[in-house]
Amino acid sequence: MSRTVFSRDPGSGVPRTRTTVGCTLLVLALGAGATSCSDDGNPLASVPYDAADQVSFKGPGKDGRKADPSKPLEVTTEGSDGRITDVTAVDATGRHVAGELAADGSRWHSTSPLAADARYTVRVSTEDEDGAPGRRVLTFDTGKPLTKKRLNVTFGPKTGTYGVGQPVTAELSQPVKDKAQRAVVERALKVDSRPWVEGGWHWVSDTELHYRPKEYWPTQATVRVRSNLDGIKISDRLWGGTAKPLKFTTGDRVVAVADAAAHQLTLYRNDEEVKSIPVTTGKPGFETRNGVKVVLAKEYFVRMRGTSIGIAEGSAESYDLPVYYATRVTWSGEYVHAAPWSVGSQGSANVSHGCVGMSTANAEWFFDNVREGDLVKVVNSQGDVMEPFGNGFGDWNVPWQKWREGSALSETGPRHEQTARLQPTAT
């Protein structure tokens with residue numbers, strides 16, 4: 001049904017005629033309540049009236065001047081005959097500005113920074129004393145930042161298909177130490193997966209973040225990563241720069257469990273056992289690290305030298321060997337690889353210098369059936385637990401609650417400095 005309502009145009013004293021229609025429910029965003037209406041309720045205008053005289057803006061430049069992107073955007077009501085019900089502010093690239101609306105609808109202010117050198121469109125919805133909706137739209141430009149120092153972001157891995165254990169990495173071109181500044185950066189780094197899974201960023205160091213799900217990625221998932229930092233103020237001397245978006249997919253869920261006590265490696269694909277292989281792991285003094293490791297690379301040939309892990313050349317433990325079908329799981333030189341010299345001990349004793357060794361045929365099969373991002377889990381070794389960061393991807397050895405504490409958006413966010421990466425000498 002419809003009816004005609006007369007009210008005075010604020011500030012003019014001239015009656016305004018509006019035709020309104022009945023409704024069952026109006027949902028008002030950003031904290032405003034839901035209002036039902038009927039014959040006895042407040043009428044709603046079928047076409048929003050011009051609310052230019054009801055709201056004012058603080059932040060956008062006047063007379064064609066560009067707004068200062070380092071200052072917040074504020075929208076307030078003029079007079080007492082109306083209130084703000086909703087505000088959306090979005091730039092030309094589709095980035096929305098977060099904000100808060102006062103409970104009485106008198107004020108809305110931005111809670112996330114504006115981007116520099118951007119064009120914004122702000123749409124303000126209002127409601128007058130009769131419950132009729134109004135609208136005001138404002139377009140303005142922001143100025144360029146005064147400093148030329150930019151924070152660029154490089155995402156990893158490269159585009160491709162990976163195992164379900166592959167973390168996302170974000171390398172920053174400038175260090176960010178302050179927690180508030182880290183929060184600005186972290187909010188702008190977006191990760192979207194289909195199917196969706198819960199996940200979060202963790203600050204590994206002042207220049208690196210890792211993102212992982214609470215559990216592993218789903219199989220056959222598509223993961224997209226992007227940054228909204230470009231033009232955003234991080235500090236007085238640092239503004240957000242560029243970042244190339246990333247897209248990668250996941251394959252099957254492949255987990256290889258190496259039991260150092262049983263001297264067996266069992267590969268599971270999508271939770272089904274595929275093959276069990278006799279192996280040897282690290283002997284006393286060179287124990288293989290326990291825990292979950294992510295496949296970093298596959299190298300058909302590697303020349304392994306004892307000097308690369310601190311063994312003196314010419315000593316009793318010294319070695320210099322050609323190694324084939326080497327699947328790398330740490331930067332310091334731990335592999336799953338062919339070890340034809342230790343076939344007699346495979347399945348019965350641990351005689352390696354820390355790697356998981358197997359026959360050449362089994363190593364070739366393993367090499368052909370895993371990819372980067374797949375998982376190798378070592379259990380029942382006398383060695384230390386795999387390092388969380390700095391020696392590969394030990395991210396999955398960090399409990400989820402502890403992982404969340406590494407976010408700048410949590411109440412507590414301890415930092416983890418990266419250790420130096422050690423690479424074995426290879427030809």
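**Exercise 1. Q346 and its surroundings**

Task: Find where Q346 sits in this predicted model, decide whether Q346 is buried or exposed, and list what Q346 touches.

Solution: 
- Start with the location. Q346 belongs to the loop that connects β27 and β28.
- Next, check the accessibility. The relative value for Q346 is 11%, and the cut-off for buried is under 20%. Q346 therefore counts as buried.
- Now look for a polar partner. The side chain of Q346 makes a polar contact of 3.1 Å with the side chain of S342.
- Finally, collect the contacts, skipping residues up to four places away in sequence. Q346 then touches P278, V279 and T280, as well as A339, G357, M358 and S359.

**Exercise 2. The sheet on either side of that loop**

Task: Work out in what order the strands of the open sheet containing β27 and β28 are arranged, and which strands form its edges.

Solution: 
- Follow the pairing across the sheet. The order is β25-β26-β27-β28, four strands in an open sheet with mixed pairing.
- Then pick out the edges. β25 (297-305) and β28 (356-358) each pair on one side only, which makes them the edge strands.
- Compare the strand directions. Ignoring direction, neighbouring strands in this sheet are turned by 35° against each other on average.
- Zoom in on one pair. β25 runs antiparallel to β26 (residues 320-328), with eight bridges between them. One example to locate on screen is E299, whose bridge partner in β26 is A326.
- α2 (residues 360-369) lies across β25, β26, β27 (335-338) and β28, and runs at about 35° to β26.

**Exercise 3. The largest pocket**

Task: Find how much space lies in the largest pocket, and which residues lie nearest its centre.

Solution: 
- Take the volume. The largest pocket holds about 570 Å³ of space.
- Go on to the lining. It comprises 32 residues, and those nearest the centre are I309, Y319, H353, G354 and C355.
- Link the pocket to the sheet from the previous exercise. At least two lining residues come from each of β25, β26 and β27.

**Exercise 4. A covered strand, β16**

Task: Determine how many residues of β16 are buried, and which strands pair with β16.

Solution: 
- Count along the strand. In β16 (residues 208-213), six of six residues are buried.
- Identify one partner. β13 (residues 168-172) pairs with β16 in the antiparallel sense over four bridges, and T169 has H210 as its bridge partner.
- Identify another partner. β15 (residues 199-205) is also antiparallel to β16, here over six bridges, with S205 opposite E208.
- Look at the connection. Two residues separate β15 and β16, and the two strands form a hairpin.

**Exercise 5. T142, a buried loop residue**

Task: Place T142 in the fold, and explain why T142 is classed as buried.

Solution: 
- Locate the residue. T142 lies in the loop between β10 (133-141) and β11 (150-156).
- Read off the accessibility. T142 is classed as buried because its relative accessible area is 0%.
- Search for polar atoms close by. A polar atom of the T142 side chain lies 3.1 Å from the backbone nitrogen of D117.
- List the surroundings, leaving aside neighbours within four places in sequence. T142 is in contact with K66, A67 and P69, and with L114, A115, A116, D117, A118 and Y120.

Technical notes: Residues numbered from 1 in each chain as written. Predicted model: local features only at pLDDT ≥ 70, side-chain atom pairs only at ≥ 80, totals over all residues. Heavy atoms only, no water. Buried < 20%, exposed > 50% of the residue type's maximum accessible area, 1.4 Å probe, protein only. Pairing = 2+ DSSP bridges. Polar contact = N/O pair within 3.5 Å; in protein donor to acceptor, adjacent residues only side chain to side chain. Contact = heavy atoms within 4.5 Å. Axes fitted to C-alpha atoms, helices over the stretch in contact; angles between N-to-C directions. 1 Å grid on protein atoms, 1.4 Å probe; cavity = no way out; pocket = protein on both sides within 12 Å on 5 of 7 lines; lining within 4 Å. Points joined across faces, edges and corners; volume = space filled by probe spheres on them.
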